[in-house]
Amino acid sequence: MPDLTLPPAMTRLFHLIYRSRQSAPWNPQQVSDLSCQAADRNRTLGVTGLLVCDGQYFLQILEGEREVVETLYARIRQDPRHHQVVTLVAEPIRARYFAQWSMGLVALGPAMDMMPDREVSDDQRHYLNLAARQLYELDDHRFKIIFHAFTHGRWRADIPSPLAPPVAARSLPEVRLPAADLGAMADNGAFFAFQPIVDTYRRCISSYEALVRGPRGESPAELLGRLQGEALYAFDLHSKLWALQTAARLGLKDMLSLNFLPGALTYQPQAVPTLLRCLAQTGFDPAQIVLEVTEEEIITRPKPFFAAISQLREAGLRLAIDDFGAGHAGLSLLADFQPDKLKIDRSIVTGIHTHGPRQAIVRAIVDVCYHLGIVVVAEGVEEPEELAWLQSAGVTLIQGYVFARPLLNGLPGVDFAVSRA
Ligand SMILES: Cc1cc2nc3c(=O)[nH]c(=O)nc-3n(C[C@H](O)[C@H](O)[C@H](O)COP(=O)(O)O)c2cc1C
């Protein structure tokens, strides 16, 4: 039998690629000095890599032992000479690609033009050219593709200028159900909290999402987890009536998003007429209602689900895919079925301002939705920096703590003056 065991790895190599923006204009001498100092330090650390500078932004690759690279990167991130540091790749590698450069420098376009001949010695120019050639000779290496995106990509437009004007301060007051109404609501066995989806472009509330809560404040998972089969679907459908009643008592005039278990629509033949009757009773125009379902649930029983949705769409209701990106269907779902809205899952949104892969995914989703006429909402937005990035990438509908937490039996107030990054 041949020995199929792999030889033990000698060192655990790792590479990290990021891009950043210069805090202030650098002169060629400063760029050159930085790369020389970095090269000296990296030599002692066993780190290799390349620094690309185009006069405004940096792209850097650091290769070496994982812990060393991560510690160095943590230090570089803190360096006030650049900001908006976005991690693009951090992963193990088999071999170094820039083994001969403890920090090669590639100066591009304006950065190269900024370097008049008298400021760049022949040696330095030779060195710059060699590093650039090394880069072009990398077959289909990831860094080459990222380098291409760095020079040609649309990401630049996504990074807001630190000088962008602040959003004008304006706020909406909170509205709560009067105590007398709460007594009547308590008989239902569930309450509703409402969270706004904010239109940051028009600076208004686009809609409110109704989130079910148990009588003792239980989460939807706790509440629904106690029920099964028919009882679960009956509860889901009836709870929509309570949500509509609560919203009507609160005087809600905006759009209202309701989460639905698709099974509640597909296993109960009377579901669609019941829902339409509830709307009529509570005085809501069906065009005010957005039904939110998760992609996971749609793909389990697509046929009856789409039949129910057709009827609801005919009545004027709209449909949103919730938690997009957390399930399995992904973009392929959009090939067969286009919702009116798509809500990008919080797992993609969290930390987006520093996370290159998530940025690329959101840009792709925005692009696809733009071509399909689907409105994009980002959920779970908590930080002003996430908000700023999403806005500049064209996502203007935002839901999350950055604007308001869900309010039980009430419509939360919103302060639109969230600072921009
Ligand atoms: C764009 C950029 C790239 C840098 N690359 C490196 C590098 O590869 N190696 C390094 O030691 N320092 C690099 N630095 C400098 C570090 O941020 C830091 O100033 C230096 O490691 C000294 O750190 P210390 O003052 O904590 O000792 C870079 C700085 C910038 C702005």
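Student: Ser257 stands opposite Val290 in strand 11. What makes strand 10 (residues 255-259) and strand 11 a pair?

Tutor: This is a predicted model, where local features need pLDDT of at least 70, side-chain atom pairs count only at pLDDT 80 or more, and totals for chains, interfaces and linings use all residues. Residues are numbered from 1 along each chain as its sequence is written. Strands pair if DSSP finds at least two bridges between them; here 4 bridges join strand 10 to strand 11, so they pair, running parallel.

Student: And how do you know that strand 11 pairs with strand 12 (residues 318-324)?

Tutor: There are 5 bridges between strand 11 and strand 12, which also run parallel. Thr294 stands opposite Asp322 in strand 12.

Student: What makes helix 9 (residues 229-249) and helix 11 (residues 271-282) roughly parallel or roughly antiparallel?

Tutor: Helix 9 and helix 11 pack at an angle of about 15 degrees, with their axes 10 Å apart. That makes helix 9 roughly parallel to helix 11, because angles under 35 degrees count as roughly parallel (over 145 roughly antiparallel, 65 to 115 roughly perpendicular, the rest oblique). The crossing of these two helices is right-handed.

Student: In the open sheet ordered 4-1-3-2-5, what makes strand 4 (82-92) and strand 5 (104-107) edge strands?

Tutor: The sheet has 5 strands with mixed pairing. Strand 4 and strand 5 each have a single partner strand, so one side of each is left without a neighbour in the sheet. The twist averages 15 degrees from one strand to the next.

Student: Which residues come nearest to the ligand?

Tutor: Of the 14 residues around the ligand, Ala38, Arg41, Phe58, Ile76 and Asp79 come nearest. A residue counts as near if its C-beta atom, placed from the backbone, lies within 6 Å. Helix 1 (28-45), strand 3 (57-65) and helix 2 (66-77) each supply at least two shell residues, with the largest share, 4 residues, coming from helix 1.

Key
Axes fitted to C-alpha atoms, helices over the stretch in contact; angles between N-to-C directions. Left-handed = near helix turned anticlockwise from the far one by under 90°.
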